[in-house]
Amino acid sequence: LGFYHKSFWFYSLAIYYVLLAFMRFYLSKHVTTYEPNKEYALELKKSRFCGYLLMTMNLALAVIIFFMVYFNKTSIHHEITTIVIATYTFGSLTIAITSFIRYKQFDSPVYNTIKSISLIAASVSMLTLTSTMLTTFGNSDELFRKLILSFVGGAVIILVMIIALKTIINSYKLSKKEVNE
């Protein structure tokens with residue numbers, strides 16, 4: 001759609017979803033091929049690479065949020081569709097949180113990155129749900145909608161940046177620690 005409509009909005013959405021899908025495929029292929037911590041150096045490299053991709057994805061998210069707030073690029077959905085979006089959002093958030101608890105036993109960089117990506121995807125879904133609910137059910141003024149979307153969008157961007165930097169820094173620290181041992 002980005003090429004067809006020559007739209008930055010669709011380009012940004014495409015970049016976000018392509019990067020998200022690529023990281024999930026890239027890491028799931030590793031998980032199905034190797035046992036946790038068997039190829040520790042490779043796990044660190046893959047985790048660091050995904051950290052850099054998360055920073056790139058954060059730029060796409062910033063553009064998406066800018067369009068949502070500044071150009072009012074939101075969609076009005078039917079109430080049933082909004083309920084389905086809410087169900088998906090809370091389901092993905094629940095799964096992301098339980099994954100953090102369940103897979104804590106694997107002190108694996110790849111598993112930690114997968115958990116982080118799931119949490120990021122759930123938080124972006126929360127942003128989408130917020131936008132959808134404000135436009136579908138909200139009879140509020142435009143300033144209120146912009147403030148809420150700015151706040152939630154800013155929180156998502158900060159979360160993604162923190163997770164990306166933490167992933168990159170931890171992989172470098174663990175790499176140096178492994179070399180010294």
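Here are a few questions and answers about aromatic residues in this structure.

This is a predicted model, where local features need pLDDT of at least 70, side-chain atom pairs count only at pLDDT 80 or more, and totals for chains, interfaces and linings use all residues. Residues are numbered from 1 along each chain as its sequence is written, and side-chain values use heavy atoms, with hydrogens and water left out.

Reader: Is the pair of F22 and F49 stacked or edge-to-face?
Author: The ring centres of F22 and F49 are 6.3 Å apart. Their planes meet at 80 degrees, so the pair is edge-to-face.

Reader: Which helices hold F22 and F49?
Author: Helices here are DSSP runs (H or I, at least four residues), numbered from the N terminus. The pair ties together parts 27 residues apart in sequence, because F22 lies in α2 (residues 8–33) and F49 in α3. The two helices are therefore α2 and α3.

Reader: Is Y16 buried or exposed?
Author: Good one! Buried means under 20% relative accessible area, exposed over 50%, and partly exposed in between (1.4 Å probe, protein chains only). Y16 has 3% relative accessibility, so Y16 counts as buried.

Reader: Which residue lies over the face of Y26?
Author: A charge sits over a ring if NZ of Lys or CZ of Arg is within 6 Å of the ring centre and within 35 degrees of the ring normal. At 4.9 Å from the ring centre of Y26, the residue is K46.

Terms used:
Rings of Phe, Tyr and Trp (its six-membered ring) pair if their centres lie within 6.5 Å; planes under 30 degrees apart count as stacked, over 60 as edge-to-face and the rest as tilted.
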